[in-house]
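Here is my note on the model, point by point. Please read it with the structure open.

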Amino acid sequence: MDPEAAPQRLQTIERHILDQQERFPEATGRLTSLLYDIALSAKLIARETTRAGLANILGATTGINVHGEIQQKLDVYADEVIFRMNDHTRRVCVMASEEHDELRRIPDHHQPGYYVLIYDPLDGSSNIDVNASIGTIFAIHRKITPGNGHGTEADVLQPGTALVAAGYVVYGSSTMLVYSTGAGVHGFTLDTSVGEFLLSHPDIRIPSPGKYYSINHGYEREWTPGIRTYVRWCQAQNEPDMQPLAQRYIGSLVADFHRNLLRGGVFLYPGSAANPTGKLRLTYEVQPLAYIAAQAGGYASDGLTDILDLQPKSLHQCVPFFVGNRDLVEQLEQTLAEHDRDALARYRTVRDAV
Ligand code: P6P
């Protein structure tokens, strides 16, 4: 390797975040430091995920989370790491986690800060024991309520258009952190030999045409006519001149999203007659990934509306989630409008109920 070239190629996430900060004259460094803290949390979580099978950290706890899901030991560990890394830094005024019903208050002996951190500490954790990829998802808002005190629910329940930054970590064959502060999407791969996230995927743009469609076919009998019609279109069942999309579904949101971001495609988690709002949570799963998708030239919808325009009503609110190449998601919206008029009306009523 040309020794002159080497230094330019090894850009750490710290360096990159600092460069990003310099693009925003009003940046004070607080967001930069908050992103550092998230990257450090990811390193600690990555260490445990790679040795989970050895460190007796596999398997379930006796705990049940707010969604009635059995908490995995690694869920609890990841949740605590993120909270403890950010509860004393004076950068965060309130946190919210998938693992907790209520907001996570900054301890009274620490000074609250300016940002709101919302996170899913370890999404897809049911895949831990089978060694499938899992992930952390995070979203960062500014505090919008007056004063320098603790953040409130109003600070957490903001639309995606207000996001300051968002990203995810995928713990797979390698550990990658992907983030955006509104100036494109950038991916970093953890070099465990030096313990640094190094820039590996600068300026990610979702490739077109998309290659994959991702949906759980196990629920096919619950699909609406519109979803059924769209999936058949993805398979080019009645389009002899169209290249079918390949079906890929890991059942781990971050892993499925990450593959489609890098290769192009569409991910679908629809609602059903029994559960019109689906299963994925708006504030800490759907909104941050929709932000990343948009920053990479893609688009995310709940079937009716741009996800980023949705005003969250509650912390654990679920919405149907369709995300990927803009043309593929807009095709889905048109198909649903044509075939699922009543189902969409029912969903809109539930979604928009105060
Ligand atoms: P299903 C994991 O439990 C998760 O929340 C997401 O990571 C994933 O996309 C989804 O559920 C998979 O759900 O119903 O297809 O098993």
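1. Start at the domain boundary. The count between domain 1 and domain 2 is 1 salt bridge (a side-chain nitrogen of Lys or Arg within 4 Å of a carboxyl oxygen of Asp or Glu). R281 forms a salt bridge with E98, and their closest N and O atoms are 2.9 Å apart.

2. A word on the basis. This is a predicted model: local features need pLDDT of at least 70, side-chain atom pairs count only at pLDDT 80 or more, and totals for chains, interfaces and linings use all residues. Residues are numbered from 1 along each chain as its sequence is written, and side-chain values use heavy atoms, with hydrogens and water left out.

3. The domains. Domain 1 covers 13-201 and domain 2 covers 212-353; these bounds come from an automatic or database domain assignment. Their C-alpha centres lie 24 Å apart. The contact (heavy atoms within 4.5 Å) takes 48 residues from domain 1 and 30 residues from domain 2.

4. The interface area. Domain 1 and domain 2 bury about 2700 Å² between them, 65% of it on carbon and sulfur atoms. Buried area here is the accessible area (1.4 Å probe) that two parts lose on being put together, summed over both. In domain 1, I137, L157 and Y168 lose the most area to domain 2. Together they make up 22% of what that side buries.

5. The eight-stranded sheet. The 8 strands form an open sheet in the order β4-β3-β5-β6-β7-β8-β9-β10, with mixed pairing. Strands (E, at least two residues) and helices (H or I, at least four) are DSSP runs, numbered from the N terminus. Two strands pair if DSSP finds at least two bridges between them. β4 (104-105) and β10 (196-201) stand at the edges with a single partner strand each, so one side of each has no neighbour in the sheet. Strand β3 (residues 92-97) pairs with β4 in the antiparallel sense over 2 bridges. M95 has R104 as its bridge partner in β4.

6. Axes are lines fitted to C-alpha atoms, for helices over the stretch in contact, and angles run from 0 to 180 degrees between N-to-C directions. α8 also packs on the sheet, touching β5, β6, β7 and β8, and its direction makes about 80° with that of β6.

7. Strand β8. Is this strand buried or exposed? In β8 (residues 175-180), 6 of the 6 residues are buried, so the strand is largely enclosed by the rest of the structure. Buried means under 20% relative accessible area, exposed over 50%, and partly exposed in between (1.4 Å probe, protein chains only). T175, L177 and Y179 point one way, M176, V178 and S180 the other, and all are buried.

8. Neighbours of β8. Strand β7 (residues 165-171) pairs with β8 in the antiparallel sense over 6 bridges, and a hairpin joins the two through 3 residues. Y171 stands opposite T175. On to β9 (residues 186-191): 4 bridges join this strand to β8, and the two run antiparallel. Y179 stands opposite H186. The hairpin of β8 and β9 has 5 residues between the strands, and G182 takes a positive phi near 95° there.

9. β14 pairs with β15 (residues 321-324) in the antiparallel sense over 3 bridges.

10. Salt bridges. The count comes to 16. The side chains of R104 and D79 meet in one of them (3.0 Å, N to O). R104 lies in strand β4 and D79 in helix α4 (residues 73-86), so the pair ties together parts that are 25 residues apart in sequence. R104 and D79 are buried. E80 and R84 form another salt bridge (3.4 Å, N to O). E80 is partly exposed at 27% relative accessibility, and R84 is partly exposed at 45%. D79, E80, R84, D87 and R104 are linked in a network of salt bridges.
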